[in-house]
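How do the chains of this assembly meet one another, and how do helices pack within one of them? The report below takes up these points in turn.

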Amino acid sequence: MKTRSAGAHLAIEAVTKTYGKAKALDAVSLVIEPGELLALLGPSGCGKTTLLKIIAGLIDPDEGEVLVDGLGMVRLPTHRRDMGMLFQNYALFPHLDVISNVAFGLEMRRLPRAEIEERARRALDRVQLSAYSGRMPRELSGGQQQRVALARAIAYEPKILLLDEPLAALDKNLREGMQMELRALCKQLELTTVLVTHDQEEAMTMADRIAVMRAGRLEQLGSARAVYERPENRFVAGFIGTSNFFPFAGERSTGALGATIPGRTPGGDALLAIARDGTLPEGGAMVAVRPEHVALSVSRPAAEANAMVGRLTQILFRGAHMTAVLRTDGGQEIVASAPADALPPGLAEGDAAWAHWKAEHALIIEDK
Amino acid sequence: MMSRARADSLSGALLVLPAIGFLLVFFLAPNLLLVGYSVIARMEAGVMQYGLTFDNYVRAFSVDLYWLVLVRTVRMGLMAALVSAAIAYPLAIAIAQGGLFGRVVTLVVVTPLLVNVVIRSYAWSQLLSRQGALNWALTNLGIAENPPQLLYTEWAVLIASVHVFLPFIVLPLAAAIGAIAPEIGQAARMAGANRVRVFLRVILPLSVPGLAVGLSLVFSLTAAAYVTPQILGGNFSPLIGTLIHQQVLALNDWPFGAALASLLIVLVLSINLVFLRGAERLTRRWTAGAGN
Amino acid sequence: MTIKLNRRTFGKLALGAGVAAPFAFTRNAWAQGRTITIGIWGGSQGEFIKREVIPAFEAEFGCTVLAEEGATLANVAKLRATASDPRFSVMFVDDVVVGLCKEEGLTEELPAADMPALENLYPEFLYEGGYGTALGISLGGVFHNTGITPPETYAELWDEKWAGKIKLVSPNNTPAMFFLIVAAAVKSGKPFAEAQYLVDDSFDKVAELRPNVQNVYDSGIQASNEVAQGQADVGLIEYSKYVYPYTDQGAPVTMTYPAEGAFAGTNCQVLVKNAPERDLAVAFMNRMLEPSVQKPLAEYALIAPPISGLDLDEKTLGYVAYPQSEMQARGLFTPDWTMINAKRAEWTERLNQIFAA
Amino acid sequence: MSNLTRAAVLVILFVIVAPLAVPVMMSVSDTPFMTFPPQGFTLRWYWKVLAEPEVQQSLWVSIRLAAAAAIGSLILGIPCAIGLVRYRVPGRNAILGLVLSPLIVPLLVTGLALLQFFSLAGNRWTFFQLAMGHIVICLPYVVRNVSNSLLLANPDLESAARIMGADRWTTFRRVTWHQIRPGITSGAIFAFIVSFDDFPISMWLADAREFPLPLFLEVAIQRFFDPSIAALSTLMILLALVMIGVMEALLGIKVRRFAG
């Protein structure tokens, strides 16, 4: 018997939800392609879990529609939506053993006994827990429990898999292994998957695309790489990875797409940066520079357009790389990170140093 | 020098000692004495005879009256427990969901407990009698003409017992249901279970520990009641407590009263054991060592 | 403060108290600060004793009288329970158990010399050769809602038209014994005096009444209240003292005495053996028999006094059989209590088997 | 919760409250005997009941008794709970079983057993007997409530106080006491209510001098012919509502501990 071919097409249309006066979701729209793994990323309270529960039917939206393969879901009760879900606390049925947990969804579909057993075993095989089928959930480790939950969620071959911070309760090493395992399985089953997480690394590791959310609105939607390298505003740049931010005043219009724009910081330092669409944003503009793009040197570098001088306040060893903090006379702090051997030898805390970066790594973004 | 552990258990023992001593003297000793009295004395033609005897128990089981009343006591206790359980689930679910509604439900459910048992029984008697409020309402709403009287039947006792002992099952159930993570129910719904099946397959089995406590409390309290059967049962359907009272205070047959009282203790303890052990066996696999 | 007096002096003082003016406070200083406990009944009778008789007695003697309410059998049980170390001094019981108490050694003979009020007592109301006196006589019969036609004979009550409309007295109360005698009389067609010895064979007749019985009641007052409300049509058998006071207040309930005959319900007082504060107890018992207590008690509780020479008001005479000639004219029946006491536990069990099983 | 469940809950709540409303309605009937529906309107039965000396006496007995039971069970129960929760006591489960068993053994039987016990012991002090009986049945509530709040309290706070130099008594007074005060308050309230409402223990032990209110009520409903018993019931129901209000204000939702 062949596993289901492709996942469903999932569309979210102008979904709004308010609790009292607070808008949890403000007209959010999204399209998720069949077989795609999309991460909803944002700080707690941004509305990502609310959106996931609206997709699941655990919460009703005030307005808007959720479409699965073009079919409206909002009026359909949860148990008829044919989706699978993983929860942060696993949510295994404590009174049922592992195989009965996995078989639960199949039983709800009133399949013949033999088929239930067959498919439950197969799902358990997929997560490599066949040996544990008679155990009770409390006898398993956290990672094993979540894999049982995964087997339970895929056993009845849903069209859509919803993941609600599924790995948040695991410790770091286990989590990283599970991220890859989970992604591999979703891809193998070609499941349309929505992952809710507040962990940007997890989102980047697992997702095809990331939807960054803030205060009930979608801030940016794109591939992990696009979101990391081309954040649209200060919030996205700061939430995904870390960035050095410089207030920026420059010419308002300077031609071609991706052209560099000259400007100055309030401290008077000259600054060259690039704008995505060739113009400065309507509101305030900031320049964001990733720490890994900042280099340090003892003397003023000749080639670089952007260079600032200051004193090193901290040098931290972080294993694969080192992080150094430089404080300019104007009070601006600049964080640089580089492999340990890329730092100029002999630099110590308290020394004067130059920080410099290329213009193409200085991105003009909206200050919001 | 005393080890720390020994000093600790000594201080602990000193702290619990007054309560233990008190209960040994004023609870355990009197009850044992009472049970003992039922086998060392009997009443013969109004005269007390001492000496080891099982006559009181032979009488309790050979005269159909006492046997029937014992059976009725068990039946009434079980019925009250089951009816309460059925009513308790929606209430417990409402309480477990919390919020203002849950709070209001809690308060209303607890109210009868704080109204004295005599007043409560009296209120029911005024409601259930032939010219009472219930029949008045039924007649005037045109629902029934000349409705039958519920007062002085076993039904009246059952209704009033459920009314007052309901909180003893609702609250443990609410605690058990409240302890179920909401995600468990959501997971069941995601897996395709409708509300009824979520209840039957998840809520019901997971509430078994609370249910067992509640059932045994309602059973014990109903079976040992005196006031409610006396006021609402009209002496037609006395429970064992009424007979104990009559033996001791009206007929002065202390040994036989003690024997009936001992039977009541055995009855209540054994049903408690059945309920609680049964629940423990059902849930052992998933609760044992929970919290580790 | 307690002033100790020896027996002889106290007797004279008590006697003095009886004939002296009611408020001779200083005369009774010997009782100052003492306390006796007495067992009384509920109902109007108990109410009057609690409200009127006891406060006046306490004021006069400077003592405290604690009145504990209870039915006859419960009161006897209390006497037995405390026999070795008596708590009660005076106990009010039905005539049914006066002999029983004497036999069991729970009571002692009244000191006639210290009870001048005994003089007016009708001799038949001094029991067991001086082990108790009557306090009031009420009539045992059927009570019914005034809105119905009462039964003319007891036998009628077995008719199915009374189905579910009868309240029956509980075997915990003495009138249940009257009911057993009625059942025997209805079955055998013999008068009460003979029928009472046939009760053992009449329980089939008792069982036949079961469909007509709505409930078995413990409290005559509550039962007559419910009959007044229309919950049931009739109640049997009850002492008139529990019913008439409410008839008098206008409640739609009254008594009827079917053709087979009426019972005498006699309330008595006995002196507890080794009673605490015996002298005070005797003074109290004496007070209970004085005309100053008996007349208002009779008129309040609507019971017939056991003493001669009282002028009861017109209304009261409508409810009670008084004087003695009137009692005799009505042929009030008093059962053979000695026989019944020996049978009572057995009969109670058989009644329970019929109505409670 | 579905609308169906909610509707069922509302119906049940109505049935719970409805019978308590009947005596309230009957208490104002202007007739010398009770009747439904009530006829006319009067408050005189309330004055009659409140002026009743026996009502006042019984109420006073019940208040004294409930206070004695609450205080007695606190004195025995607080150290017992601390010993059971915070110390290694040998036979802990057996002790816990003993402390909670008065809830299981029928009260009616315990009352009878105490009556026999006291009469064999020659004790004649009724108030003492009643108080001992009531402490027996109140103790489990106190121990359970105090234990619960001890289990919820953070034992590290006590360790911290000990490390900073407080002896055991000071630690109890300055730290533990404040942590378990809610448990003590609720235990005391429940003990008071349990004693105040007790019938099956008092039924055997009371006498004329010490005649608690529940017993008086039982006599009264058989004796009072007029609506004054309904008036008395109404007053008792109001009292219960006030107690619920106090409990809700003091303890919030912890009311559930009463039966849990």
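What follows describes a predicted model, beginning with the arrangement of the chains and ending with a pair of helices.

## Which chains touch

Four pairs of chains touch, and among these the most contacts are between chains B and D. Two pairs can be named that do not meet: chain A and chain C share no contact, with their closest C-alpha atoms 44 Å apart, while chain A and chain D also do not touch, although the nearest C-alpha atoms of chain A and chain D are 12 Å apart.

## The interface of chains B and D

The contact draws 82 residues from chain D and 83 residues from chain B, and the two chains bury about 7,600 Å² between them, with 81% of that area on carbon and sulfur atoms. Between chain D and chain B the count of salt bridges is zero, and three residue pairs are in polar contact, both residues of each pair being at pLDDT 80 or more.

On the side of chain D that touches chain B, helix α1 (residues 3–26) of chain D gives the most, with 14 residues. By class, this side of chain D consists of 66 nonpolar, nine polar and seven charged residues.

## The interface of chains A and B

Here 30 residues of chain A and 21 residues of chain B take part, and the area buried between chain A and chain B is about 2,400 Å², of which carbon and sulfur atoms give 61%. In chain A, the residues that lose the most area to chain B are His79(A), His95(A) and Met108(A), which together account for 26% of what that side buries.

One salt bridge is found across the interface of chain A and chain B; it joins Arg201(B) to Glu107(A), with the closest N and O atoms 2.8 Å apart. Six residue pairs are in polar contact across this interface, again with both residues at pLDDT 80 or more. The elements giving two or more residues to the side of chain A that touches chain B are α1 (48–56), β6 (83–86) and α2 (98–108) of chain A, and α2(A) gives the most, with four residues. This side of chain A has 15 nonpolar, eight polar and seven charged residues.

## Helix packing within chain D

Helix α3 (residues 53–86) and helix α8 (residues 168–197) of chain D pack at an angle of about 140°, their axes lying 9 Å apart, and the crossing of α3(D) and α8(D) is right-handed. The residues of α3(D) in this contact include Leu59(D), Ala66(D), Ser73(D) and Ile82(D), and those of α8(D) include Phe172(D), Ile184(D), Ser195(D) and Phe196(D). The residues of the contact of α3(D) with α8(D) divide into 17 nonpolar, three polar and no charged.

Methods: Residues numbered from 1 in each chain as written. Chains lettered and ligands numbered in written order. Predicted model: local features only at pLDDT ≥ 70, side-chain atom pairs only at ≥ 80, totals over all residues. Heavy atoms only, no water. Contact = heavy atoms within 4.5 Å. Buried area = accessible area lost by both parts, 1.4 Å probe. Salt bridge = Lys/Arg side-chain N within 4 Å of Asp/Glu carboxyl O. Polar contact = N/O pair within 3.5 Å; in protein donor to acceptor, adjacent residues only side chain to side chain. Nonpolar A, V, L, I, M, F, W, Y, C, P; charged D, E, K, R; others polar. Axes fitted to C-alpha atoms, helices over the stretch in contact; angles between N-to-C directions. Left-handed = near helix turned anticlockwise from the far one by under 90°.
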